[in-house]
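Subject: Structure handover and notes

Hello,

Here is the structure I said I would pass on. Please look through it, and then read the notes below it.

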Amino acid sequence: MRLVLLGPPGAGKGTQATKLAAYLGVPHVSTGDILRHNVTARSELGKKAKAYMDAGGLVPDDLVIAMTERRLKEPDAKKGFILDGFPRTLAQAEALSKFTKLDAAVNLFLEPEELIKRNTGRRVCPKDDTVYHIFMNPPKKSGICDKCGTPLIIRDDDREDVVRTRIETYESQTAPLIKYYRDRGLLREVYASGLIQEIFLRTIEVLKESAQSRGR
Ligand code: AP5
């Protein structure tokens with residue numbers, strides 16, 4: 001299964017991608033996570049990307065396209081992938097269509113007020129990228145990753161003012177991809193409010209219907 005997850009910041013793309021990747025046995029490829037690891041490692045890519053990310057803007061297309069193409073050429077992505085955070089512009093979507101074929105693009109949609117709450121309460125594990133929420137998806141022990149015991153951190157771009165800018169960036173640059181994938185018959189819509197497990201089951205259902213309609 002080669003899947004793209006679309007949706008505004010905080011819609012739950014990373015949360016659902018982790019579950020879908022485990023269920024489908026394909027890698028979860030998050031461009032946000034790859035970029036954040038580059039920033040932490042102070043790589044050349046990380047140094048170039050940091051200012052854009054901190055401001056809530058997009059990292060330039062050429063950098064992100066090259067990075068994603070490299071990742072999708074790794075052996076584990078041969079059997080499929082869940083792409084989380086890519087594409088984010090029409091140029092990225094066009095580039096992606098040249099290096100792989102997709103089965104579906106799932107749009108996770110949610111009311112804007114909910115997005116702010118989700119982002120500002122998020123905590124992440126800097127080691128294994130597991131995502132928590134202080135109220136809605138807390139770790140068993142406050143501030144500590146359930147999986148690896150690492151202290152959780154707040155993302156630099158989860159300050160409310162930056163979250164609002166990220167939502168605006170999404171609306172102007174990424175939301176047009178909904179029409180792009182609808183026009184190509186690949187768009188599937190999932191309402192992203194409710195329990196994490198409910199949304200996961202909704203997504204699986206939508207993917208099954210999609211596979212049936214495509215004769216698979
Ligand atoms: P990225 O990391 O991709 O950020 P994003 O798209 O803004 O998405 P988020 O990670 O904020 O949210 P999410 O939808 O994954 O939600 P999550 O599951 O975490 O990108 C960061 C930056 O990198 C960008 O701003 C840009 O600068 C750069 N970048 C990345 N890709 C790029 C590209 N292709 N081109 C250019 N630049 C790029 O959930 C959010 C919170 O809600 C969590 O706390 C979670 O626990 C909670 N939650 C999830 N589901 C539920 C639920 N059902 N109920 C209650 N709480 C829930």
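The notes below go from the whole chain to single residues.

This is a predicted model, in which local features need pLDDT of at least 70 and side-chain atom pairs count only at pLDDT 80 or more, while totals for chains, interfaces and linings use all residues. Residues are numbered from 1 along each chain as its sequence is written, and side-chain values use heavy atoms, with hydrogens and water left out.

Overall fold

The protein has nine helices and seven strands. The C-alpha trace spans about 45 × 40 × 35 Å along its principal axes.

Of the 216 residues, 48% count as buried. Here buried means under 20% relative accessible area, exposed means over 50%, and partly exposed is in between, with a 1.4 Å probe and protein chains only. Of the contacts with a separation of 6 or more, 68% are between residues 24 or more positions apart; a contact means heavy atoms within 4.5 Å.

The accessible surface comes to about 11000 Å², and 56% of it belongs to carbon and sulfur atoms. These areas come from the Shrake-Rupley method with a 1.4 Å probe, and for residues only the protein chains shown count as cover. There are 36 positive and 29 negative side chains, and the centres of the two sets lie 4 Å apart. Lys and Arg count as positive and Asp and Glu as negative, without His or the chain ends; each charge is placed at NZ of Lys, CZ of Arg, CG of Asp or CD of Glu.

The buried residues of H2 are Thr31, Gly32, Asp33, Leu35 and Asn38. They pack against strand S2 (28-30), H3, helix H4 (61-72) and S3. Just after H2, arginine 42 takes a positive phi of about 55°. This residue sits in the loop between helix H2 (31-40) and helix H3 (44-55), and counts as exposed at 64% relative accessibility.

Backbone features elsewhere

Aspartate 129 also has a positive phi, near 70°, in a residue other than glycine. Its loop runs between strand S5 (122-124) and strand S6 (131-133), and aspartate 129 is partly exposed at 26% relative accessibility.

Isoleucine 134 is in the loop between S6 and H7. With a relative accessible area of 38%, isoleucine 134 is partly exposed. Leaving out residues up to four places away in sequence, isoleucine 134 touches Gly121 and Arg123. Glycine 121 is 13 residues from isoleucine 134 in sequence, and the two C-alpha atoms are 5.5 Å apart.

The peptide bond from phenylalanine 86 to proline 87 is cis, with omega near 0°. Proline 87 lies in the loop between strand S3 (81-84) and helix H5 (90-99). What does threonine 174 touch, not counting residues up to four places away in sequence? Threonine 174 touches Pro87, Arg88 and Thr169. Threonine 174 belongs to helix H7 (residues 160-174) and is buried, at 7% relative accessible area.

Aromatic pairs

The count comes to three aromatic pairs. The rule takes rings of Phe, Tyr and Trp (its six-membered ring) with centres within 6.5 Å; planes under 30 degrees apart are stacked, over 60 edge-to-face, and the rest tilted.

One of the pairs is tyrosine 23 with phenylalanine 200, edge-to-face at 5.6 Å centre to centre and 85° between the planes. This pair links distant parts of the chain, with tyrosine 23 in helix H1 (residues 13-24) and phenylalanine 200 in helix H9 (residues 196-213), 177 residues apart. Tyrosine 23 is partly exposed at 48% relative accessibility, whereas phenylalanine 200 is buried at 8%.

Another pair is tyrosine 180 with tyrosine 181: the ring centres are 5.0 Å apart and the planes are at 90°, so the pair is edge-to-face. Both tyrosine 180 and tyrosine 181 are buried.

Regards

Definitions and conventions. Helices (H or I, at least four residues) and strands (E, at least two) are DSSP runs, numbered from the N terminus.
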